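Here are some notes on the model, written as numbered points that can be checked against the coordinates. Please read them with the structure open beside you.

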Amino acid sequence: MKKKPSATGIFFSMFLRAVVVILGIVIACLIFALVRSLLHNKGKETASTGTGSSVVQEAQQDELLTAQATEAKTEAPKVDYGIKIAVLNGTQTSGLAGAWKEKLTGLGYTSVEAGNYMAEIKTSRIYMLKEGAGAELKDMLHGATVETEAIKKDDTDVDLSELDVIIVIGQDDDILGAN
């Protein structure tokens, strides 16, 4: 004679079957998601480059971001040079004096003003109005000439009073690339 199954036995038997069915559904969903992801990435790869790999592109972007972060960490420490500078644009490139102002400010020059020079020049000029002020700036400018006398007020739209150095940026130092 057969034994009648107990309520506990029936419960565990049903529980085990339910767990197996749920695991089967979860595995099927995971396989579906994996296949869909692979097909989606392959479509992106073909659409974006035709022959290249999106994984390679992502790796290159990651390397670029890492390099930029490292470069930002290794910038020169900011030092206040304590001199008043006017950077004048002596080219037809719009915004060049502002770009040089940002560059100098990033290097620690705290009192920098940007403006325009009324003539166009090829080689930059540094006007040192205070003895020894800004001597280190010559290394940043390609072949800049150093002058000791000030420019005329009519040659610029900047107030020249109380300046230590005036830099007139020429075409040779066009950091915006519009040579």
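**Notes on the predicted model**

1. Arginine 125 has threonine 145 as its bridge partner in strand 4. The two elements concerned, strand 3 (residues 125-128) and strand 4 (residues 145-147), are paired in the parallel sense over three bridges; strands count as paired here if DSSP finds at least two bridges between them. Helices (H or I, at least four residues) and strands (E, at least two) are DSSP runs, and they are numbered from the N terminus.

2. A word on the basis of these values: this is a predicted model, in which local features need pLDDT of at least 70 and side-chain atom pairs count only at pLDDT 80 or more, while totals for chains, interfaces and linings use all residues. Residues are numbered from 1 along each chain as its sequence is written, and side-chain values use heavy atoms, with hydrogens and water left out.

3. Strand 3 also pairs with strand 5 (residues 165-169), in this case in the antiparallel sense and over four bridges, and within strand 5 it is isoleucine 166 that stands opposite tyrosine 127. For the chain as a whole, there are three helices and five strands, and from the N terminus on the order of elements is α-α-β-α-β-β-β-β.

4. Neighbours within four places in sequence being set aside, asparagine 89 is in contact (heavy atoms within 4.5 Å) with Gly95, Leu96, Ala97, Gly115, Asn116, Tyr117 and Ile169.

5. The whole structure holds two salt bridges, the term being used for a side-chain nitrogen of Lys or Arg within 4 Å of a carboxyl oxygen of Asp or Glu. In one of them, lysine 84 is joined to glutamate 162, with 3.5 Å between the closest N and O atoms; this pair links distant parts of the chain, since lysine 84 is in strand 1 and glutamate 162 in the loop between strand 4 and strand 5, 78 residues apart. Lysine 84 is partly exposed, at 35% relative accessibility, whereas glutamate 162 is exposed, at 63%.

6. Lysine 122 forms a salt bridge with aspartate 172, and here the closest N and O atoms are 3.1 Å apart. Because lysine 122 lies in the loop between strand 2 (111-116) and strand 3, and aspartate 172 in the segment after strand 5, the pair ties together parts that are 50 residues apart in sequence. Lysine 122 counts as exposed, with 53% relative accessibility, and aspartate 172 as partly exposed, with 31%.

7. The largest nonpolar core contains 18 residues, and those with the most contacts inside it are Ile85, Val87, Leu104, Leu137, Val165 and Ile167; a nonpolar core is a set of buried Ala, Val, Leu, Ile, Met, Phe, Trp, Tyr and Cys residues joined through side-chain atoms within 4.5 Å. Strand 1, helix 3 (96-106), strand 3 and strand 5 are the elements that give two or more residues to this core, and helix 3 provides the largest share, four residues. Beyond its neighbours within four places in sequence, valine 165 is in contact with residues including Ile83, Ile85, Ile126, Tyr127 and Leu137. Apart from this core lies another, of eleven residues, among them Ala86, Leu88, Ile151 and Val158.

8. Which residues make the nonpolar surface patch of about 900 Å²? They are Phe11, Phe12, Phe15, Val19, Leu23, Ile27, Ile31, Val35 and Leu39. Patches are made of residues with over 30% relative accessible area and no salt bridge, like charges being joined within 9 Å and nonpolar side chains (Val, Leu, Ile, Met, Phe, Trp, Tyr) within 5 Å. Phenylalanine 15 is found in helix 1 (residues 7-49), and its relative accessible area of 47% makes it partly exposed.

9. Glycine 108 sits in the loop between helix 3 and strand 2 and counts as buried, at 5% relative accessibility. Its C-alpha atom is separated by 9.2 Å from that of glycine 82, and the two glycines are 26 residues apart along the chain.

10. For the chain overall, buried residues make up 25% of the 179 residues. Of the contacts with a separation of 6 or more, 74% are between residues 24 or more positions apart.

How values were computed: Buried < 20%, exposed > 50% of the residue type's maximum accessible area, 1.4 Å probe, protein only. Areas by Shrake-Rupley, 256 points an atom, 1.4 Å probe, with all protein chains shown as cover.
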